[in-house]
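Subject: A structure for you to look at

Hello,

I am passing on the structure we talked about, so please open it and keep it beside you while you read.

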Amino acid sequence: VAVTASERAREALRLAEALAEPVGAFAELTPQLAVDAAERADDAVADGSAPGPLHGLPLAVKDVIDVAGVPTRLGTPGAGHRVPGASARAVELATAAGAIAIGKAHTHELALGMVTPQTRNPIDTGRIAGGSSGGSAAAVAAGIAAIALGTDTNGSTRCPASLCGIVGLRPTRGAISRRGVAPLAWTQDTVGLLAADAQTCARLYTVLAEDAGGRSRAGPRRVGVDRGAIAAAEPAVSRACAEALDGLAGTGVELVDVALPEPALAGSVAAVVLCAEAAAAWRRELASQPEGFGPQVRAALRAGAELRAGDYLDAKRARALVCARVRGDFDRLRLTAVATPTLPATAARAGAATIESGRRERPIDAVYSRFTALASVTGQPAVSVPCGLDGAGLAIGLQLIGRPHGESALFDLAAEVERLPGSRAVAGARAAAADRLAARWT
Amino acid sequence: VTDSPQPSGEPGADPDPGAPGPDYEAALAAYRTMLERALERLSAEPLEGVEPALEPELWR
């Protein structure tokens, strides 16, 4: 059993190297930095310093987030590559609290996509890990990292968390600094957090949240349930989410029916905002180095650049409507959170361009962003927590969308879900898969 | 979205862009279609008199 930070870091690095082929979570490992930091942390504790709240936890950092002296490559063929002189604020805070950064995790190119083709799902390596923070999620699910940083602009943390059977948080917009994080869409970007369980994710959030905005109002726990959203998911997903909600009700949580704005509205807002803002953020690179982007991202940026100012503003006006409607539901029904499936379907097969949803094959990203777009548009926090397995043994996540700065309540609810049989089955399947991988490849 | 055969990128959402291959021109056409559909969807909303929320409003 690894007991020191140094031992734990070395073990994580060994496992990451061994699983490079079957899982491929990392774009680059940073063994020297990790071991040096771990030894310093161990020395400090040996000298009498109190260990930080994240002492010795191996940390994976998505490759759109800066680590000083380590190349940031964004998953692009060349655009935006650089070696930052300073770490991102979130990395600074996590490592100052004792976390040991072990490497840069693969990202879907420019964090613009929900597959992460470089990485496979540790639960079933024939399946995708999801994205865009796929490397970060896979590193945690495979047992390499205890915690990971991702980003979540339109679901990029919640999606791979759901598919890999772990917990993923999109925090309240602005609660965690984005300094040192490559932009995608300024008004939707957040740093996302990933961990195997809600308690560890909450610990990471407490370290990183510099603008917690005070506590959200505490009160009786009332969860709005969008039955339409649950019914619209694939049958296994619907069943697992319904069972988790029944289980929550059994713990004293009051369930209230709510009809959220239809997913296509938030999705349309997100599509226009994201493409327009990404095109603006990367305009110079697109002009000077178009081949530095893959064809899909180049196309997305070009299409975004063709949008008119009026189109962008219409999306922002529609955002105002969506925000008002959701806030109205939360206030009128005095909700702590709203529950939906995180994703309508489980992990697609690696290499597939489409996945079945609603009895037809549809593009993967269009399916996976269906329920994640809403919180991205409104700026609310949202957590994905494992809640069950489908018939193929693939993980299913329940999404809980909270009030702004209501992360604490979300973690409490997520911890309740984790105690239910469906969630425990996911944890068991994930641990068994990680054990199988380690036994075969190390 | 890299150079994988994956479709629409994260903006996908409900305005289904189809499933382009890795080809740039096909991807560009798909993104244009997706955005057109998104704008059509937005035009169905009663936006008269609504001021744009440039950033999400965080409430309590």
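This is a predicted model: local features need pLDDT of at least 70, side-chain atom pairs count only at pLDDT 80 or more; totals for chains, interfaces and linings use all residues.

**Chain B**

Chain B has one helix and zero strands. Of its 60 residues, 53% are buried. The accessible surface of chain B is about 2,700 Å², and carbon and sulfur atoms account for 51% of that area.

**Where the two chains meet through helices**

Two packed helices are described by the angle between their axes and the distance between the axes.

The crossing of H11(A) with H1(B) is right-handed. Which residues of H1(B) take part? They are Tyr24(B), Ala27(B), Leu28(B), Tyr31(B), Arg32(B) and Leu35(B), and they meet Pro295(A), Gln296(A), Arg298(A), Ala299(A), Ala300(A), Arg302(A), Ala303(A) and Gly304(A) of H11(A). By type, the residues in this contact of H11(A) with H1(B) are nine nonpolar, two polar and three charged.

On the H9(A) side you will find Cys275(A), Ala276(A), Ala278(A) and Ala279(A), and on the H11(A) side Ala300(A), Leu301(A), Gly304(A) and Ala305(A). Seven residues of the contact of H9(A) with H11(A) are nonpolar, one is polar and none is charged.

**A pair within chain A**

Next, find helix H6 (residues 198–208) and helix H15 (residues 407–418), both of chain A, which pack at an angle of about 165 degrees with their axes 9 Å apart. How do the two run relative to each other? H6(A) is roughly antiparallel to H15(A), because an angle over 145 degrees counts as such. Their contact involves Ala198(A), Cys201(A), Ala202(A) and Tyr205(A) from H6(A), together with Glu407(A), Phe411(A), Ala414(A), Ala415(A) and Glu418(A) from H15(A). Among the residues of this contact of H6(A) with H15(A), seven are nonpolar, none is polar and two are charged. The crossing of H6(A) and H15(A) is left-handed.

Val269(A) sits in helix H9 of chain A. Is Val269(A) buried or exposed? Val269(A) is buried, with a relative accessible area of 0%. Leaving aside residues up to four places away in sequence, Val269(A) touches Ala315(A), Ala318(A), Arg319(A), Val377(A) and, from chain B, Leu42(B). Val269(A) and Ala315(A) are 46 residues apart in sequence, and their C-alpha atoms are 5.0 Å apart in space.

Gly126(A) lies in strand E5 of chain A (residues 124–128). Gly126(A) is partly exposed, at a relative accessible area of 35%. With residues up to four places away in sequence left out, Gly126(A) touches Arg120(A), Arg349(A) and Ala350(A). From Gly126(A) to Cys241(A) there are 115 residues in sequence and 24 Å in space, C-alpha to C-alpha.

Happy exploring, and do write back with any questions.

Best wishes

Definitions and conventions
Residues are numbered from 1 along each chain as its sequence is written. Chains are lettered from A and ligands numbered from 1 in the order in which they are written. Side-chain values use heavy atoms; hydrogens and water are left out. Axes are lines fitted to C-alpha atoms, for helices over the stretch in contact, and angles run from 0 to 180 degrees between N-to-C directions. Helices (H or I, at least four residues) and strands (E, at least two) are DSSP runs, numbered from the N terminus. Angles under 35 degrees count as roughly parallel, over 145 as roughly antiparallel, 65 to 115 as roughly perpendicular and the rest as oblique. A crossing is left-handed if the near helix is turned anticlockwise from the far one by less than a right angle, and right-handed if clockwise. Contact means heavy atoms within 4.5 Å. Ala, Val, Leu, Ile, Met, Phe, Trp, Tyr, Cys and Pro count as nonpolar, Asp, Glu, Lys and Arg as charged, and the others, Gly among them, as polar. Buried means under 20% relative accessible area, exposed over 50%, partly exposed in between (1.4 Å probe, protein chains only). Accessible areas come from the Shrake-Rupley method with a 1.4 Å probe; for residues, only the protein chains shown count as cover.
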